[in-house]
Each structure stands twice: as structure tokens, then as C-alpha cells.
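Biologist: Hi! Could you put the model up and walk me through it? I'd like to start with what your terms mean.

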Amino acid sequence: MGSVVISLDAELGWGFHDLPEPPIERVESGRRGWKSMLELLDEFDVPATWAVVGHLMLEDCDADHAEYPAPDGWFDRERTDWADRKDLRFGRDLVRDILESDVAHEFASHSFSHVLFGRPETDRELAIAELERSRELAAEWDRSIDSFIYPRNSIGHRDVLAEYGITAYRGSSPTRDGVRGVFDSTIRDRSMLVTPTVDEYGLVDVPASMFLFGFEGPARTVAESIWEDPMVVLARRGIDEAARTDGLFHMWLHPNNLTHQRDDRRMRAILSHLERKRSETDLTVETMTEIAGRVTEPTMGERATARWG
């Protein structure tokens, strides 16, 4: 039985608040993309792992965070440029939409304030604070956190994740993004399937196979004018390979990647193909936690190795 995982980094303004010049179009598309992705996933009955920045779950805050062990200036944009942009700092309505969906989405963590765990300035104290606050907020919403997606895929402090009850995280992709990824897959015929593994902390690393918006700008426009959307082609390829070989294909994106209708069309084409393969084969769609459960279940160890190894 092949598997497909879709994970989303749900962050609104927090994905860009530390950047000197945030990409305005993507910042302003966060809510639109979030709602579009939920509608598409609901339409095709596809469960996804939604990793949410914890701050979005707050109703309000003073933007000071004086007792929080963050680096100097970490919350500056919340206090200045975005002081009156609650739509970028908070997203309780959007989080509620995930939790109330008819589809069994997984609620996961994307940290509290989008701290980069792999950076030297992120010490153990800050990593603990990010996990503690995220877990507290989840509990207020009657939720637990089993999976974690590192902001900007900056992996670090895995020991802290283990201490705070996390069971799975999205690991680094063995394949390249963008034009190089298209070349590797189509010309070199390189597989995009991944193998989940248990690390030294007992966490299950569920590697990414493919970032669905790694081929953008003029190159995408040219490719679509003479061929078809390369990301749709690669996603179909990965889905088909997972179904054919009983492997695992893990796609990921940010809701704010859906800035235009053509981005919606990309996702509709991918999900439509996924639906078709599910109806024709025994391909299944799983969350990161479900994958972790398969890997760590003792009685299934040999079968998991055979399935994904």
C-alpha cells in the first residue's frame, strides 16, 4: 500500500516578520491561500498535516512578550509595522476552520513565533519556550501536538522535541527544489520517494519529497506556455511511483504560496490526480503522525522496513 503525505506550514505574517523586506504579495495572500487550500482538501477529501504557528491561536497580545527569551528585536514588527495588522498576527478563525473540517486533518506545530531552531542564536531556553507555549495553546484548544515542522526547515534541538512529547518531524528532502529538481526527476529519472526513520531521540523523521512551489517566476511562465506546469508533472510522477511501488511521497507547501488562481489550478490538478489514483489502486493519504505510528509500532517493524526501505 503506497502512501502520500501533504504537509502545510501555516504561518500568515509570522513566516516573514523577521525579514527586512517581506514579500508583500505572499504576506497578503496568507488568508486567501489558507481558505483555498482548505476548500480544495475538503473537496477531494484529502487529510493533511497542518503545522500552525502558535501565536495565531491567541485572541490578542500586547506585542511586548517581555518575559519571553527571544533575541532582541524578535517581535519588533509586531509592535511597529504590523501593530494594526491583526489579520497577519492572529488567525483563530482559520485554525478553527482546520479543526472543524469534515476531513480528518492533523493539527501540528510550526513553533510559537517561527523561531529558526537550527540557528546559533536559538539556544535551548528559547527552543523550550517555543515548545512549551505551543503546547499550552494547543491544550487550551483541547488539542495535543504530535508532529512538528521546523520553520524554514531549519532543524535543531530535536532533543527538546522529544522531551515535549513530539513523535514526528518533517526532515530534509533528499531531492532538490526548482529547476534542479525537475532536471533530476525527468532527465536523471531520480526517485522522489522517501523513507521515514527513527532518530537517536526516538523521533520519526518523515522527510519531504517535494516542495510544490519551488519552480516559480519567469521559468514557470515559460514552461507552462510550451509544456505544462512542471510541478504538476512531478507531483503526478511521485504519486504514481508511490502507488506502483508501495512507497511514500511527501509533498509540502505554505498556504501563502497560493497567490493567484493559477496556483489554485496547480493544487486542483495535483489533488485530482491523487483522487484518481486512490480510486484505481490501494494508495492511501496519511498524516505525519500516522506514518510515525506505522514506523514505531513494534509488530510492524519488519513490514515498515520492507515497505519504505
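Modeller: Happy to: buried means under 20% relative accessible area, exposed means over 50%, and partly exposed lies in between, with a 1.4 Å probe and protein chains only. The model is predicted, so local features need pLDDT of at least 70 and side-chain atom pairs count only at pLDDT 80 or more, while totals for chains, interfaces and linings use all residues. Residues are numbered from 1 along each chain as its sequence is written, and side-chain values use heavy atoms, with hydrogens and water left out.

Biologist: Thanks! Is glutamate 78 buried or exposed?

Modeller: Glutamate 78 counts as buried because its relative accessible area is 3%. Its place is in helix H2, residues 76-79. Helices (H or I, at least four residues) and strands (E, at least two) are DSSP runs, numbered from the N terminus.

Biologist: And which side chains make polar contacts with the side chain of glutamate 78?

Modeller: The side chain of histidine 55 makes one, at 3.0 Å, and the side chain of histidine 65 makes another, at 3.1 Å. A polar contact is a pair of N or O atoms within 3.5 Å; within protein, one must be able to donate a hydrogen and the other to accept it, and residues adjacent in sequence count only if both atoms are side-chain atoms.

Biologist: What else does glutamate 78 touch, not counting residues up to four places away in sequence?

Modeller: Besides those histidines, the list includes Trp14, Cys61, Ala63, Ala83, Arg89 and Phe90. Contact here means heavy atoms within 4.5 Å. Histidine 17 is 61 residues from glutamate 78 in sequence, with 7.6 Å between their C-alpha atoms.

Biologist: Let's switch to the strands. How many helices and strands are there?

Modeller: The protein has 12 helices and 10 strands.

Biologist: Which residues of S1 point which way?

Modeller: Ser3, Val5, Ser7 and Asp9 point one way, and Val4, Ile6, Leu8 and Ala10 point the other way. In a regular strand the side chains alternate between the two faces of the sheet.

Biologist: Which strands does S1 pair with?

Modeller: S1 pairs in the parallel sense with S9 (residues 248-253) over six bridges, with S10 (residues 284-285) over two bridges, and with S2 (residues 49-52) over four bridges. Two strands pair if DSSP finds at least two bridges between them. Valine 4 has phenylalanine 249 as its bridge partner in S9 and valine 285 as its bridge partner in S10. In S2, alanine 51 is the partner of aspartate 9.

Biologist: What do S1, helix H1 and S2 make?

Modeller: With H1 (residues 24-43), S1 and S2 make a right-handed β-α-β unit. Right-handed means that, with the strands pointing away from the viewer, the path from the first strand over the helix to the second runs clockwise.

Biologist: Now the core. Which residues touch the most other members of the largest nonpolar core?

Modeller: Those are Ile6, Trp34 and Trp50, in a core of 75 residues. A second, separate core has 13 residues, including Ala108, Val206, Leu248 and Val295. A nonpolar core is a set of buried Ala, Val, Leu, Ile, Met, Phe, Trp, Tyr and Cys residues joined through side-chain atoms within 4.5 Å.
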